[in-house]
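Please go through the structure below alongside the text that follows.

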Amino acid sequence: TVADLQGLKKGSLRLAVVTTAKYFVPRLLGPFCQRYPNIDVSLKVTNRGRVLERLSANSEDLYILASPPENFEAEAQPFLADALVVLAPGDHPLSHQRNIPLERIAREPFLMREVGSGTRQTVQRIFDKYNLQPNVKMQIGSSEAIKQAIAGGLGISILSHHVLALEGGTDKLAILDVVGFPIRRQWHVVYAKGKALSVVARTFLEYLFSEGQQIAERTSTPMPEQLYSYLLAAEGVE
Ligand code: PGA
């Protein structure tokens, strides 16, 4: 039977993923591990800089990053949509405004990820593109901690909408309607060019490509309406 064949897939799968991927990779692993009970998975979660170090040291089978590595010969294939949004406290005065210019966002107290974070790199590029500097109020080494700090009223930030996964109904956070947002990008699965992938790693790759997007959507909680109403009006959100 199919189940017997699936049971024959044995071995280990080592993954290293950037911190934002912790919001969807574990949920993708659920059905995968059920289907292949004899595959042992280890999951390293750290920031982009450290994931790139591990990629060049060949520490794992596969890596998950937002954008492909800049200075390393790698295979990088997209498997899941992402969107970066501007998050503010739910009661922020800008939460009722439409088409907020980025200059206005640059004046708000901004919560910035640590050096080495891919989120930080992307945020810095966005501001650089418009010759702006964010008004960094605090550096925080975790997107989850930034989200909580926003809810606590410390400032605003730009984060992947995946940090809102399983958030449920909340009036503590608002997505601001900023010109040029949401910024769309893709999550990529990455490995060194020429690396011989194990059967197990290839099985996981095929699973990501064929079912990744669908399972990520099916297992996530829809975003509360007050968070995304303007996005729906604009063009729909993944
Ligand atoms: P980070 O990863 O945890 O390094 O910020 C997310 C990203 O690459 O955007």
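**Aspartate 61 and its surroundings**

Leaving aside neighbours within four places in sequence, aspartate 61 is in contact (heavy atoms within 4.5 Å) with Ser12, Leu13, Arg14, Tyr191, Lys195, Leu197 and Ala201. The model is predicted: local features need pLDDT of at least 70, side-chain atom pairs count only at pLDDT 80 or more, and totals for chains, interfaces and linings use all residues. Residues are numbered from 1 along each chain as its sequence is written, and side-chain values use heavy atoms, with hydrogens and water left out.

Aspartate 61 sits in the loop between α3 and β3; helices (H or I, at least four residues) and strands (E, at least two) are DSSP runs numbered from the N terminus. Its relative accessibility is 8%, so aspartate 61 counts as buried. Buried means under 20% relative accessible area, exposed over 50%, and partly exposed in between, with a 1.4 Å probe and protein chains only. The side chain of aspartate 61 reaches the backbone nitrogen of arginine 14 at 2.7 Å. This is a polar contact, a pair of N or O atoms within 3.5 Å; within protein, one must be able to donate a hydrogen and the other to accept it, and residues adjacent in sequence count only if both atoms are side-chain atoms.

The protein chain has eight helices and nine strands, and 49% of its 238 residues are buried. A nonpolar core is a set of buried Ala, Val, Leu, Ile, Met, Phe, Trp, Tyr and Cys residues joined through side-chain atoms within 4.5 Å. The largest one has 36 residues, and Leu13, Leu62, Ile64, Phe79 and Phe204 have the most contacts inside it. At least two residues of this core come from each of β1 (11–18), α2 (25–35), α3 (48–56), β3 (62–65), β4 (74–89), β9 (183–192) and α7 (199–218). With eight residues, α7 gives the most to this core. Another core lies apart from it, with 19 residues, among them Ile156, Leu176, Val178 and Phe181.

Which residues are around the ligand? They are Val18, Thr19, Thr20, Asn47, Arg48, Ala66, Arg113, Ser117, Gly118, Thr119 and Arg185, a residue being near if one of its heavy atoms lies within 4 Å. Oxygen atoms of the ligand lie 2.8 Å from a polar backbone atom of arginine 48, 3.1 Å from a polar side-chain atom of arginine 113 and 2.7 Å from a polar backbone atom of glycine 118. Taken alone the ligand exposes 280 Å², of which the protein buries 100%; accessible areas come from the Shrake-Rupley method with a 1.4 Å probe, and for residues only the protein chains shown count as cover.

In helix α6 (residues 143–151), the buried residues are Ser143, Ile146, Lys147, Ala149 and Ile150. Seen down the axis of α6, they fall within an arc of 165° and so line one face of the helix; the arc is that of the directions from the helix axis to the C-beta atoms. Their cover includes β4, β5 (109–112), α5 (118–129), β7 (157–160) and β8 (173–176).

Some backbone details remain. Most residues other than glycine have a negative phi, and most peptide bonds are trans. Asparagine 99, not a glycine, has a positive phi of about 50°. The peptide bond from phenylalanine 181 to proline 182 is cis, with omega near 0°, and proline 182 is in the loop between β8 and β9.
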